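I opened this notebook to record what I looked up, step by step, and what I found each time.

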Amino acid sequence: MEAMQTTTTTTTQVVFQESEQQLDRSTSLTQQEVVQITLSGPSLVLAIFSIIVSIQVFQPSFTCTLIALAPIPIIIHHDYLNFLSLGPGGTPPTFLGYLKITYLRLFALSDPYSPATPQKKIYPQTGYYQRASSWLPQRQGPRPKIAGIAPQRQLNQSGCPEMYLTLRTSLTNLTKRHPSTFLIGTSCFEKKGLAVFARNPINATCRGEICHVHHSDRSMHMNLHPDDARIVLEKGWGERHPLARGGWMSAYVPREFIMVYAPRDKGELEVVCRIIEAAGFWVSGQRFGIKVEKEPLPDVAETQEACGA
């Protein structure tokens, strides 16, 4: 994920267009074991023969070193393919991009389910739901399997396509109802995908981004007040981004950056919309409601034209 640009000034709109064909097509995300090596019969015989010859020709210690190092290129190759299989995101899908992510893994959070340590200076001082845990129900079932850093994706429980499209429509309608507060655009973090921005953010994110949705797995990333993030983590609706530890790593994602899992039905979509309302409060300072809607609202220009303006 590229280093983000933090600002508290009005953000500029980014043109966002996706065809209906793209929205209807989802990506199957798979990962393979990086240390899994399968040898056929001839390959196994060749490997045994090579080891015997190496022991006879070279020192045993040198042969042992070669045997120990031999799987490394295979492991790197499989790990690189896993990186590519997550699809496009904030990091270029190149070997240099892979090396960058491999380096950042050294600093990734070891426990993404525990909330961040509270900060002394924070505004607003309390979350959108005033530190109450009753607003969010417990998510049913186990957590989905998550992989990657940038991109970070949900590998299973990918959610309902209908709910994904409804979420996109609901977010777009939100920006149409509050055009002076929010706008829709391409994610600043991901460099692709639909995102909602605050025009005048009170907490620095990437150009005021509140949240974005992933087409490939239908999950989301968003910025939340630590109080609200704690409840989301405890109730099983999401997890912290691996790089969301603050300090110098804030150049990549904010400390309050979390993944929220894909909604699997309308009930879960309602919950996700409540979480997005909290995210909007943290970034914009405004309280608002998101209606779950399948039908898009007309654009302002279309409304004015219909009214004869």
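The entries below follow my reading of this predicted model.

**Entry 1, the chain as a whole.** I began with the secondary structure, and I noted that the protein chain comes to nine helices and eight strands. I then asked how much of the chain is buried, and found that 45% of its 309 residues count as such. When I turned to contacts between residues at least 6 apart in sequence, I saw that 70% of them join residues at least 24 apart.

Which residues have the most contacts inside the largest nonpolar core? I wrote down L171, M222, L224, I275 and I276, in a core that has 40 residues. I next looked up where this core comes from, and I listed the elements that each supply at least two residues of it: the helices α6 (161–177), α7 and α8 (266–284), together with the strands β3 (182–186), β4 (194–198), β5 (209–213), β6 (220–223) and β8 (257–260). Helix α8 gives the most to this core, with 11 residues. Apart from this core I found another one, of 19 residues, which includes Y98, F189, F197 and L243.

I also took I275 by itself and, leaving aside its neighbours within four places in sequence, found it in contact with W135, L136, M222, L224, V232, W237 and V260.

The search of the whole structure gave me one cavity of 30 Å³ or more, and about 100 Å³ of space lies in the largest cavity. Its lining is made of P115, A116, L224, P226, A229, L233, R240, R255, E256 and I258, and I sorted these residues into seven nonpolar, three charged and no polar ones. Helix α7 (residues 226–234) provides the largest share of this lining, with three residues.

I then checked its side chain, and found a polar contact of 2.6 Å that joins it to the side chain of H221. Not counting residues up to four places away in sequence, Q152 touches I146, A147, H214, H221, E239, R240, H241, P242 and M259.

Terms used
Residues are numbered from 1 along each chain as its sequence is written. This is a predicted model: local features need pLDDT of at least 70, side-chain atom pairs count only at pLDDT 80 or more; totals for chains, interfaces and linings use all residues. Side-chain values use heavy atoms; hydrogens and water are left out. On a 1 Å grid over the protein atoms alone, a cavity is a set of points where a 1.4 Å probe fits but cannot get out, and a pocket is an open set with protein on both sides within 12 Å along at least five of seven lines; lining residues have an atom within 4 Å of a point. Grid points are joined across faces, edges and corners, and a volume is the space filled by probe spheres set on the points. Helices (H or I, at least four residues) and strands (E, at least two) are DSSP runs, numbered from the N terminus. Ala, Val, Leu, Ile, Met, Phe, Trp, Tyr, Cys and Pro count as nonpolar, Asp, Glu, Lys and Arg as charged, and the others, Gly among them, as polar. A polar contact is a pair of N or O atoms within 3.5 Å; within protein, one must be able to donate a hydrogen and the other to accept it, and residues adjacent in sequence count only if both atoms are side-chain atoms. Contact means heavy atoms within 4.5 Å. A nonpolar core is a set of buried Ala, Val, Leu, Ile, Met, Phe, Trp, Tyr and Cys residues joined through side-chain atoms within 4.5 Å. Buried means under 20% relative accessible area, exposed over 50%, partly exposed in between (1.4 Å probe, protein chains only).
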